[in-house]
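Please look through the model below before reading on. The turns that follow it take up rings, surface and helices one after another.

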Amino acid sequence: MSQTHTEEPMTHRQVLEALSGLLLALFVAMVSSTIVSTALPKIIGALNGTQTQYTWVVTATLLAATATTPIWGKLADLYSKKVLVQVSIVIFVLGSMISGMAQNTGELIAARAFQGIGVGGLQALVQVVIAAMIPPRERGRYNGYLGGVMAVATVGGPLLGGVIVDTSWLGWRWCFFVGVPVAVLALVVLQKTLHLVTVKRDNLKIDYLGATLIAAGVSVLLVWVSFVDSSFAWASWQTAAMVGAGVVLLAIAVWVESRAAEPVVPLNIVKQRTTALSILASLAVGMAMFGGAVFLGQYFQIGRGYTPTEAGLLTIPLMAGVLLSSIVVGQLITRTGKIKPYIIAGTLVLVAGFGVLSTIDHQTSLVFVSFGMLLVGVGVGMSMQNLVLAVQNTVPLKDIGAASSTVAFFRSLGGTIGVSVLGAVLARRVTDNITHSLAAAGVQAPAGGGETSNLNLSALPPAFQHIVRAAYGDATGHIFLISAAIAVVGVIAAAFMKPAMLRSTLDLSAQKPASDEPVGASR
């Protein structure tokens, strides 16, 4: 096997130029999810969808992104990272266009799944390319830029989505079309600024079987999670069949990966202490953050009666927390070379934030809700990107793609499970709350007033509207209580991580014995 690396590290200016294109790509991928968060109640209402379909519009993208993330990461270790980023952008653009032209919720879910393949590529590859350009010690401050883009995308997305659906001459379809010009711009910028020497390898063997088995096993389990307790019972033949099939597929995948020449998920990396614990923490953080945050837009609109634009504005504390903490902590990590203390602190703050949000109902003070969201944002900003950095610090450059994408894979997996499970819990509690409130108030449910009409409040009688709002508002706190419990796992995993100084070299083999060499040391 022969390898070729860049002879000289990129200068700060060259890094910033290339980073601008990467951040644009990451921005548009993140906006694609967050822009939908406040617009989704209106979209599902317009398409006359159900609460289950509401969840699946989000889950479909996460599922596709999750299943393909490790494949993108492995391909980045074998082929041109630049070309792969550009391919993922093209897939994303096509998915966005098809989503915007959907005529019903089924078409929208399918288009979002295709879009998710591109999102999975961008999530994995942006981290991989940055790791190929910048040593871990220096990467702390650049992770601050990543966190800033995440914050702007997550704040700007809901706001933009709210404005679009509230503007009569635009309509919800522009929630999907609006990202296309930005993605095209990212494509052009990357073509001009990103210059990486491809690692060349002889006798390439791509593990297609392992990739297929992983994607199939994960997909089967996630489909089961989405439908259990709503379409069929926990103890049923459907559960036995789907769980059994998923476990068998993943077990075979592990066996295949242990014998593959170029495994999609290298088990020798996954078994390392830092990687294993980072994966566990990422799983918990992803499950808590995605699973909890995706329902905030629904809480503000349906539970509290705000417009999509207002709902977007009300989520600003969450993103302000991400923005501030990621930038500040990124600088501190570069300055000190230490990462574990910040990850532990971040997961603790995350638990505290969800603990605060677990007490809310449809009448809670917005100041109190904002405080809880701020804590959650701070916790995410301190932990999420740094868990990837902790893993990247322990692996050689040739495995950076597989290692980075493995952490991103489990974070997305956690998010998908979180959205599915918490969405199912929310739907069940909302239904129970509505049933009890109707019985207590003696209000007759409107004809056909099942899940379909619950999300289209304008079509409901005033008395029923109030009951539905209270049901959603009161049920949301329970979702955050579950998120807090899940986030505790992240705290435990972070506590057991091995303390380590971030290296100042791009490749592990170039690292000197002393681990705390000065920032900017050359290879």
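What follows is a set of questions and answers on this structure.

This is a predicted model, in which local features need pLDDT of at least 70 and side-chain atom pairs count only at pLDDT 80 or more, while totals for chains, interfaces and linings use all residues. Residues are numbered from 1 along each chain as its sequence is written, and side-chain values use heavy atoms, with hydrogens and water left out.

Q: How many aromatic pairs does a search of the whole structure find?
A: Rings of Phe, Tyr and Trp (its six-membered ring) are paired if their centres lie within 6.5 Å, and planes under 30 degrees apart count as stacked, over 60 as edge-to-face and the rest as tilted. Applied to the whole structure, the search gives a count of 4.

Q: Which kind of aromatic pair do Trp172 and Phe176 form, and why?
A: The ring centres of Trp172 and Phe176 lie 6.2 Å apart. Because their planes stand at 90°, the pair is edge-to-face.

Q: Are Trp172 and Phe176 buried or exposed?
A: Buried means under 20% relative accessible area, exposed over 50%, and partly exposed in between, with a 1.4 Å probe and protein chains only. Trp172 has a relative accessible area of 13% and Phe176 one of 3%. Trp172 is therefore buried, and Phe176 likewise counts as buried.

Q: What is the angle between the ring planes of Trp174 and Phe177?
A: Trp174 and Phe177 form an aromatic pair that is edge-to-face, with 5.5 Å from centre to centre. The angle between their planes is 85°.

Q: Which helix holds Trp174 and Phe177, about one helical turn apart?
A: Helices (H or I, at least four residues) and strands (E, at least two) are DSSP runs, numbered from the N terminus. Trp174 is partly exposed at 40% relative accessible area, whereas Phe177 is buried at 18%. Because Trp174 and Phe177 are 3 residues apart in a helix covering residues 174–177, about one helical turn separates them, and that helix is α6.

Q: Which helix gives the largest share of the nonpolar patch?
A: The patch is made by Val90, Leu94, Met97, Ile98, Met101 and Phe114 and covers about 500 Å². One of these residues, Leu94, lies in helix α3 and is partly exposed, with a relative accessible area of 44%. The largest share, 4 residues, comes from residues 81–100, that is, from helix α3.

Q: How many of the 20 residues of α3 are buried?
A: The 20 residues of α3 reach 29 Å from first C-alpha to last, close to the 28 Å expected at 1.5 Å a residue, where the expected span is 1.5 Å times one less than the number of residues. The helix α3 is mostly covered, and its buried residues number 14.

Q: Where does α16 bend by about 30°?
A: Helix α16 (residues 366–392) has 27 residues, which should span 39 Å at 1.5 Å a residue, and its end C-alpha atoms are 39 Å apart, in agreement. The bend at a residue is the angle between axes fitted to the seven residues ending there and the seven starting there. For α16 the bend of about 30° is at Asn386.

Q: Why is α16 described as largely enclosed by the rest of the structure?
A: Ser383 is found in helix α16 and counts as buried at 0% relative accessibility. The description of α16 as largely enclosed holds because, of its 27 residues, the number buried is 20.

Q: What is the C-alpha to C-alpha distance between Thr105 and Gln53?
A: Thr105 is found in helix α4 (residues 105–133) and counts as buried at 6% relative accessibility. Thr105 and Gln53 are 52 residues apart in sequence, and their C-alpha atoms are separated in space by 7.0 Å.

Q: How many residues apart in sequence are Phe409 and Ile279?
A: Phe409 has its place in helix α17 (residues 400–441) and is buried, with a relative accessible area of 5%. Phe409 and Ile279 are 8.8 Å apart in space, C-alpha to C-alpha, and their separation in sequence is 130 residues.

Terms used: Patches are made of residues with over 30% relative accessible area and no salt bridge: like charges are joined within 9 Å, nonpolar side chains (Val, Leu, Ile, Met, Phe, Trp, Tyr) within 5 Å. Accessible areas come from the Shrake-Rupley method with a 1.4 Å probe; for residues, only the protein chains shown count as cover. A salt bridge is a side-chain nitrogen of Lys or Arg within 4 Å of a carboxyl oxygen of Asp or Glu.
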